[in-house]
Every structure is written in C-alpha cells, then in structure tokens.
Amino acid sequence: MSFTFKDFPADRDDLRADVLNGLAASPKSIPPKYFYDEAGCRLFEAICAQPEYALTRTERALMASCLPDIATAIGPVDCIVEPGAGDCAKVRLLLDALHPAHLVAMDIAGAPLATAAEALSRDHPDLAVTALGMDFVHDLEAAASHLPSGRRLVYYPGSSIGNFPPDAATALLTRFRQLAGAEGQLLIGFDLKKDPQRLHRAYNDAAGITAAFNLNLLERLNRELGADFDPSRFSHYAFYNPVAGRIEMHLVSLAEQDVSVAGRRFHFVLGETLHTEHSYKFRRDEFSALANSTGWQLAGEWEHDGFAVQLHRYR
C-alpha cells in the first residue's frame, strides 16, 4: 500500500477576509466552500440520501450502467486526479474499470479526505494514493509537484461545476487543463435543466437536512470567528431561477438584527438574505460549448434521468 497525505491548512485569515467582505457587500454573501467543515460534510452526505435529492443516486446509476462505454472512450490512463474528492466513494468505480497506477485526490476538508483516501488505499494495494487537503480552486498550482507524469484523467463528478458562476466555471475548466497535462482528459458530471418543481423539492427536503446544512454555516462562523449568529433567527430558503438557470440558496433574516463577526458588527433588516450558494443547471449543448470555449473538445457523453456526464479532450 502506498498512501501519502499532505495538508495545506486553510488560512483562518482567508475565512475571516472572505466572510467580512461578503457581509459588507450588497447583497450579503458567503462562498459555498465554507459549508464543508466536518459537520457540514456529514450533513451533505445525509442530503445525498434524501428521497428528494436524486442527483447522487442518478449519477451512480449512470456510471454503473455506462461504465464499460465510458472506460472504452477514456482508454488507458496512468493517473486519475479528483478535485473535491470528499469521501472518495465515486472514484472507486473508475479505479476498478481503468486500473491506473496513481490517484491524486483533493478536498478542502483535509481530515475527512485523509481518512477516506487511506481506506481506499488499503482496498487497492497496487494503487499509489496521494491525498491533498487543499482549497483546489485557489491553490491548484500547489498540486503540480504531486502529479505523476503520464496520461491523466481529471474526474469532477457530482455537478460541482454548477456551484460556480459562468466566469468562474470557465476559469476552473481552463485550470483543469493544467492538471490534465498535454495528453489529459476531463470526465465531468453536471445536472441538467428539468422541471422546476423537481429541482425545488431537491433543495427543500421534507426532513430539513438541507436547511440544517445551510444553517450550519452560521454555527461554523460562531465557532471559528467568534460570531454571535442566532440560527433560530434565520431561515433556509432555496428556489430555482429559470431565467438564470440556477438554484439559489439563501439564509433569510427573520428579524431586524445586528450580528458581530470577528469584532465587526453587521446589520440585517427583516427579510434580508445572506446568499450561500448557486447551483447552475445546464443543457448538454450549453455545457459542451462552455467547455469548448476553454480548449476542451467533446469526446463522449452519457445521460440518465436528468443527469449528464461528458468526456473532453484537448482540441
């Protein structure tokens, strides 16, 4: 077994700066990457198991049924690189189908990633596993020295690309080319545009898990920045905006109130929202055009029940 873990600890000053800047903006917002402390990771896993949130199950079914075709289209690879690997569950199917020599997994939640990647390494004794606890969106270049030579496949499942506004998604797809290298490929999943009511239910589950996930962000700020948010004075609110083609997730202030964060005070009026996430949905042609604009060329695509996976190579 070959397992290596390197942590690039998130700078608390980055969290502080992002939150203070976001709360001072109009409208107020906080980057969604800060959802994923340990409690947030557990809650997100629970979201994926809710009956209303079919995305994860649909993606798993697609990958299981189409994997032979996907593996044939990809061909031989020496290394799989997975930004935002989380619990490393999704990459296991690809490992069994492609048999690469290396896996490089990255996630902002370093401790859970290390636990998951080490367990995966025990199950694949011939695989060299490198886990990098890092904010890959900002520190992607820091991963370069940990990437082996040879043919690489960047794997970005789960519709995570939808959390980025168009300009940021374009920038990330461009940077994925650096990760992939000259002979590299990109296998990426994304949620498709569909019935708005179905999307609304997915982000407003009856058990309230998504609401707890959203409100946990305030608990994290209380713990890590000495904030004094009262989560009971905010309400989870998520809706699909069909014009923009995205789910918007907010925390709505239920009262006029002042909140202290890192020694600064911020005023919320009744009904004011704190924006916490976008989740863009695509048509297949929309996404392939977006990828093409960054130098990728569509090499294969698969769809199942409102979810799509595309394979891209260099043009």
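This is a predicted model: local features need pLDDT of at least 70, side-chain atom pairs count only at pLDDT 80 or more; totals for chains, interfaces and linings use all residues.

Residues are numbered from 1 along each chain as its sequence is written, and side-chain values use heavy atoms, with hydrogens and water left out.

Two packed helices are described by the angle between their axes and the distance between the axes. Helix α3 (residues 55-74) and helix α4 (residues 91-98) have axes that come within 10 Å and cross at roughly 50°. Helices here are DSSP runs of H or I with at least four residues, strands are E runs of at least two, and both are numbered from the N terminus. Axes are lines fitted to C-alpha atoms, for helices over the stretch in contact, with angles from 0 to 180 degrees between N-to-C directions. The pair α3 and α4 is therefore oblique; angles under 35 degrees count as roughly parallel, over 145 as roughly antiparallel, 65 to 115 as roughly perpendicular and the rest as oblique. In α3, M63, A64, L67, A71 and I74 meet L93, L94, A97 and L98 of α4, where contact means heavy atoms within 4.5 Å. By class, these residues are 9 nonpolar, no polar and no charged (Ala, Val, Leu, Ile, Met, Phe, Trp, Tyr, Cys and Pro count as nonpolar, Asp, Glu, Lys and Arg as charged, the others, Gly among them, as polar).

Helix α4 also packs with helix α5 (residues 110-123): their axes come within 12 Å and cross at roughly 25°, so α4 and α5 are roughly parallel. V91, R92 and L95 of α4 and A119, L120 and D123 of α5 make this contact, which has 4 nonpolar, no polar and 2 charged residues.

A89 has 43% relative accessibility and so counts as partly exposed (buried means under 20% relative accessible area, exposed over 50%, partly exposed in between, with a 1.4 Å probe and protein chains only).

The largest nonpolar core has 66 residues, of which I80, L94, L187, F229 and V261 touch the most other members. Such a core is a set of buried Ala, Val, Leu, Ile, Met, Phe, Trp, Tyr and Cys residues joined through side-chain atoms within 4.5 Å. Its largest share, 9 residues, comes from α3. Leaving aside residues up to four places away in sequence, L94 touches M63, L67, I74, I80, H99, L153, Y155 and L187.
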